[in-house]
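Morning, everyone. Please look at the screen.

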Amino acid sequence: MLYFECDYNNGCHPEILKKLAETNDIYQPGYGYDCFSLSAKEKIRKTFACPDADIFFLCGGTQTNAVVISSMLRDYQGVVAAETGHIGTHESGAIEYTGHKVLPLPQHDGKIDAAELKSYVSAYYADGNYDHMVFPGMVYISFPTELGTLYSKAELQAIHAVCSEYGMPLFIDGARLGYGLMSSECDIPVEEFAELCDVFYIGGTKVGALCGEAVVFPRGNAPEHFFSMVKQHGALFAKGRVCGVQFDTLFTDDLYFNISRNAISKAESLKKILKEKEYPFFFETPTNQQFVIAENSELEKLREKVSFGFWDKYDDSHTVIRFCTSWVTSDDDLLRLEETL
């Protein structure tokens with residue numbers, strides 16, 4: 001069986017497994033106060049050029065989005081996101097469960113537009129009844145987007161400017177951050193990324209770790225008692241070293257970015273294979289997710305040998321499916337996929 005369904009079905013990078021074993025007998029305090037977590041945080045601050053950053057390790061992406069958003073919003077506020085945004089489509093209502101509404105904006109290849117964002121917020125405050133409505137309290141985007149596309153540096157600067165004008169923090173979901181930053185089409189230097197938002201997280205689950213995400217408040221701007229809210233939401237590891245060891249390893253010798261490059265390289269090869277096999281692209285992306293249109297009559301036969309993701313119904317006889325590469329995808333995987341197709 002070939003697995004191209006998603007980027008987190010494998011365990012973890014061998015270096016992480018090795019470090020977990022090597023450090024297993026070392027006694028350390030819990031809840032992220034261990035030496036591995038402290039070391040990882042310093043490496044992240046250095047990598048992203050944000051020496052004053054508050055950094056927290058959480059157990060997973062959905063928990064991270066829910067905790068960050070609910071901790072930064074007042075009770076009467078909602079979060080603005082693209083209509084295709086992950087928090088509004090694939091998180092089972094986790095944000096709404098915290099008592100906050102997801103406020104959708106039109107999407108353009110998975111992205112929101114700064115001018116449309118400003119128009120939306122200004123129209124809200126121009127409404128004489130806005131006190132009776134859900135306030136737009138923050139903006140959520142993902143990098144890469146849910147559709148595998150990327151914001152340019154200029155686009156992020158424009159969105160962040162609108163957010164600053166209206167006092168809305170900009171939150172970037174970085175579940176696949178490594179795959180975005182290592183794309184050849186990304187024009188954002190790693191050391192400048194933290195300047196473009198108010199909070200972001202570095203995805204570990206999808207980029208080589210067993211589990212865990214690192215939330216970064218780049219200017220030491222974490223909400224008061226954020227640690228307590230993480231625990232309140234059930235997103236805190238008692239054995240904080242589990243995340244600490246993993247992120248300390250990922251941010252040693254550029255491992256995080258090196259393994260991210262593998263996913264991008266293999267995705268480019270995957271695109272060539274899909275084109276040679278004459279699969280129409282729903283749209284092409286510069287990252288590790290590729291979306292093609294397949295005939296429904298082919299899908300069951302394909303599923304016998306290849307695991308891929310369902311994305312959307314295209315029409316009565318066609319379906320949009322997703323192929324996903326990752327840090328672990330090999331040349332042999334692609335060769336076998338080519339033969340199978």
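Phe 281 stands opposite Val 292 in E10. This is a predicted model: local features need pLDDT of at least 70, side-chain atom pairs count only at pLDDT 80 or more, and totals for chains, interfaces and linings use all residues. Residues are numbered from 1 along each chain as its sequence is written, and side-chain values use heavy atoms, with hydrogens and water left out.

Labels next: helices (H or I, at least four residues) and strands (E, at least two) are DSSP runs, numbered from the N terminus. Strands of a sheet pair through backbone hydrogen bonds, either parallel or antiparallel. Two strands pair if DSSP finds at least two bridges between them. E9 and E10 (residues 289-295) pair in the antiparallel sense over two bridges.

Both belong to an open, antiparallel sheet of four strands, in the order E9-E10-E13-E12. Which strands are at the edges? E9 (281-283) and E12 (309-315), each pairing on one side only.

Now the helices. H11 lies across E9, E10 and E13 (318-324), at about 15° to E10. Axes are lines fitted to C-alpha atoms, for helices over the stretch in contact (heavy atoms within 4.5 Å), and angles run from 0 to 180 degrees between N-to-C directions.

The axes of H11 (residues 255-276) and H13 (residues 331-340) come within 10 Å and cross at roughly 10°. That makes H11 roughly parallel to H13, a term for angles under 35 degrees. Residues making the contact include Leu 270 and Ile 273 of H11, and Leu 334 and Leu 337 of H13.

Note on methods. Angles under 35 degrees count as roughly parallel, over 145 as roughly antiparallel, 65 to 115 as roughly perpendicular and the rest as oblique.
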